[in-house]
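Biologist: I have a protein model open and I want to learn how to read it. Can you take me through it one feature at a time?

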Amino acid sequence: MITPQIKWSIGWCWGNMVHNQSHEAAANKYGNLAFETMQKHDVEPTPVHYELFYTYVSGENPSLVAAIHSRLEANAPLTDAFLSETFNEHFQSDDELTNAAASTGAQLDTQMDKILEALDANVGHASRFSDALRGVSENLSDTTSQSDLALIVKTVVSATEQMESRSRELETQLQESKSEVSDLRSNLDAVRLEARTDALTGLANRKAFDDGLLEAVQDSVEQNAPLCLVMSDIDHFKAFNDSWGHQTGDQVLKLVAGSIRSCIKGRDTSARYGGEEFAIILPHTELDDATMIANQVRETIHSRELVKKSTGENLGRVTMSFGIASFRPGEPISELIERADECLYAAKHGGRNQVISELNSAEILTKSA
């Protein structure tokens, strides 16, 4: 019979398989902590609950952390109804992601059931093997005849072979389940990535930008490290669209996205903020270095001459304006974005095709007034 302890052990193994994709050490750490937290508060180890508590202990979703923390602070029970409502609120804002999560959760439940059934059957086989050995032991004595001894040995060999066969079957089933869980996890990760990616440019979308900036600000505070935010806008993009059409405009947006990607580091985040406006989050970066990076992006974009593929017609060059602000510890994130936008405004009114930081934005605005 499968005891609660065995069920928790299987849940722990499943959780580690699920989050064993790229960051194994961190995944195992948060996976273990998630199960410890669930056990502590008598939460059943289901795939949905595991996903919820993995996100909670890893701090990936601050609003989810706040919701569960408030519940614990009030000494209120973590009921299935509360956890279901919390999961729906924080994980199911996108229909495609919702369906994928529900489907994957159901399939993971099925895999869990198969593993539990296999273990339950194996426990029965092990019990019968133990009974067989006990019977052999009881039948052995100094007076056991040679023929009886041969029969006993045959019984032990047969029981052992059966047990080995069952063990191999169980191992095969567990390996198949592990592979299935890994594939399901990969599929769900792909859907999540798609839900956080701008379809046209391939950059992070607004939701991913908001989450990334919040994480970068928290990291900046914890490590006392610099953080800069770059806001940028394609110059005269509306006029370009009106003259050459939206399909050509889409190609310009893709060109800009590719240029930004080519100029930033792995820990930086580039996003399509909206329309023709783009944002770059630069953790561990001082204002002077951020200005240099923004200028590199601007020059890369301006260096590329546009040619309409269908006609070979020269469309000229694209220019962009950039505004940069550095995070000030203690300020709301909205103020950081507002100051970067003010610098972008200054770059636009100062002649476009330039990078303006908060160090000289006031001077530019005064000159252009």
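Predicted model: local features only at pLDDT ≥ 70, side-chain atom pairs only at ≥ 80, totals over all residues.

Biologist: How many helices and strands does the chain have?

Modeller: There are 13 helices and 7 strands. The chain has 369 residues, and 40% of them count as buried. Look at contacts too. Among contacts with a separation of 6 or more, 64% join residues 24 or more positions apart.

Biologist: Which residues of α8 are buried?

Modeller: Here is the general idea. An α-helix has 3.6 residues a turn, so residues three or four places apart point the same way. In α8 the buried residues are Ala208, Phe209, Gly212, Leu213, Ala216, Val217 and Ser220. Seen down the axis of α8, they fall within an arc of 165 degrees, so they line one face of the helix.

Biologist: Which exposed residues sit on the face of α8 turned away from its buried side?

Modeller: That face carries Glu215, Val221 and Glu222.

Biologist: And what do the buried residues of α8 pack against?

Modeller: Their partners are β1, β2 (269-274), β3 (277-283) and α12 (333-349).

Biologist: What should I look for at the two ends of α8?

Modeller: At the start, check Asn205. One of its side-chain oxygens comes to within 3.3 Å of the backbone nitrogen of Lys207. After the helix comes Asn224, with a positive phi near 50 degrees.

Biologist: Next, aromatic rings. How many aromatic pairs does the structure hold?

Modeller: First, the general idea. A pair of aromatic rings is described by the distance of the centres and the angle of the planes. This structure holds 2 such pairs. In one of them, the ring centres of Phe53 and Tyr56 are 6.1 Å apart and the planes are at 80 degrees, so the pair is edge-to-face. Phe53 and Tyr56 are 3 residues apart in helix α3 (residues 47-58), so about one helical turn separates them. Both are buried.

Modeller: Phe209 and Tyr273 also form an edge-to-face pair, with 5.2 Å centre to centre and 90 degrees between the planes. Phe209 belongs to helix α8 and Tyr273 to strand β2, so this pair ties together parts 64 residues apart in sequence.

Biologist: Is Tyr273 buried or exposed?

Modeller: Tyr273 is buried, because its relative accessible area is 14% and the cut-off for buried is under 20%. Phe209, at 1%, counts as buried too.

Biologist: How do I read the surroundings of one residue? Where does Ser232 lie?

Modeller: Ser232 lies in strand β1 (residues 227-234). Its relative accessible area is 1%, so Ser232 is buried. Take Glu276: it is 44 residues from Ser232 in sequence, yet their C-alpha atoms are 8.5 Å apart in space.

Biologist: And a loop residue? Where is Thr285?

Modeller: Thr285 is in the loop between β3 and α11 (287-302). Thr285 counts as buried, at 3% relative accessibility. A polar atom of its side chain lies 2.8 Å from the backbone oxygen of Pro283. Thr285 also touches Pro226, Leu227, Cys228, Lys265, Ala290 and Ile293.

How values were computed:
Residues numbered from 1 in each chain as written. Heavy atoms only, no water. Helix = DSSP H or I, 4+ residues; strand = E, 2+ residues; numbered from the N terminus. Buried < 20%, exposed > 50% of the residue type's maximum accessible area, 1.4 Å probe, protein only. Arc of directions from axis to C-beta. Contact = heavy atoms within 4.5 Å. Polar contact = N/O pair within 3.5 Å; in protein donor to acceptor, adjacent residues only side chain to side chain. Phe/Tyr/Trp six-rings, centres within 6.5 Å; stacked < 30°, edge-to-face > 60°.
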